[in-house]
Amino acid sequence: MFTTSSSFRALTMLKNTHHTFSRTTMAAAAAAPPSTTVSIYSSRPTTISLKEWQAWGTDSSMPTQVAQIVDEMMAFEQESDAQMKFGGLGGKLKGDFRTQEEKKHRAKYRSLDDSEQKLHFFSARQIACRLLGSRGYLCQKCWLPLEDCMCSSVVPSSLWHPIRFWLYMHPKDFLRQNNTGKLLWQVFGIDAATLCLFGIAEHEEIMWEAFMQSGRNNVWCLYPNKNAPTKSVADSFAGYTSNNLLSEPHTIDRGETLNFILIDGTWSNSAAMFRRLKERADLVWGDDLPCISLTTGASAMHKLRPQPSWDRTCTAGAAIGLLDELHLVPQFNSLGLDKQAEAVENSVDVLLASLTARRVRMGRSITRAQKHYNDFS
Ligand SMILES: [Zn+2]
């Protein structure tokens, strides 16, 4: 249990909605009880194509281990007498198939030698289950159930081009309806806000390759850990004088990209994610990962309409805060970063409205979730 604070926390979810949404069949959505299970249709494709994979918000190749686990699960379903079913939150397996598959994957997990292999397997399996469980159920762009798709209400914006956000996302937050990290690439596009899944080797390699090209001086991690040495946005950019970067128009090379890592996971998962980033930074640069913290706290969020289910602890809130604080740095003042923050803010409003409408339509009270407040398990 954690107390709320005004400072940003690396928490993906709109907390009050956490643990309270479950899936339902499309047809029964309006009246469905919360725990209806969706089964995957027998006519489904037996693999996940590159196109299907990338439609969820990435341009990476299909991670090898994820593809392998998908294949294994499909084959296992063929052999077993149970049908693969998913339900509840986060594409969890259900029923007999789950019992049988669990035995199998636990044995596999135990057989792995080191923690790195175990992490890769854990992440790949989580992603595989979510991909299979969300197929035909969630909109691939906004990650909401198809009947609640909010895509037509999201207004895209361009992010000032040297900035690149990296959504370092925990597998358990991948394809979560109430994840707000996804809003960043919905608004700015996947080149400006790039998904990097924790423990997925292909994604982590792409991210670190970009960091190595940009250099340590152009990478910052937003993390609120008070024990980690962090600098404020103002201090980090006070002497920033890249004329080339600030004059328009010009093309930037990768060395000029300003990379900001947003840790997109629950509070309890984010510590491990941060540790992994730090270890890699040490390996690559022999130095600490530069960290940045927001100083404006909740005040930066004053423009957000009061919403019981929203605070600045979510990932989109961190991006909004960062853009707002960068806008206050004199050299960055004329770049329209405040407008870009506003575009994200508007998308958060759209997400909240969609989630709220869904709850109301499904006959669940909006305040019921209050009891889950601060429940990060
Ligand atoms: Zn959509």
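The structure is a predicted model, in which local features need pLDDT of at least 70 and side-chain atom pairs count only at pLDDT 80 or more, while totals for chains, interfaces and linings use all residues. Residues are numbered from 1 along each chain as its sequence is written.

The protein chain holds 11 helices and 9 strands, taken as DSSP runs numbered from the N terminus (helices: H or I, at least four residues; strands: E, at least two). Of its 377 residues, 42% are buried, a residue being buried if 20 or more other C-beta atoms lie within 10 Å of its own, exposed if 12 or fewer, and partly exposed in between, with C-beta atoms placed from the backbone. Among contacts (C-beta atoms within 7 Å) between residues at least 6 apart in sequence, 78% join residues at least 24 apart.

Leaving aside residues up to four places away in sequence, L184 touches F165, L167, A193, A316, A319 and V344.

Q100 belongs to helix α3 (residues 95–111). This residue counts as partly exposed because it has 17 C-beta neighbours inside 10 Å. Beyond residues up to four places away in sequence, Q100 touches S80 and A82. The C-alpha atoms of Q100 and E77 are 9.8 Å apart, with a sequence separation of 23 residues.

Technical notes: Two residues are in contact if their C-beta atoms, placed from the backbone, lie within 7 Å.
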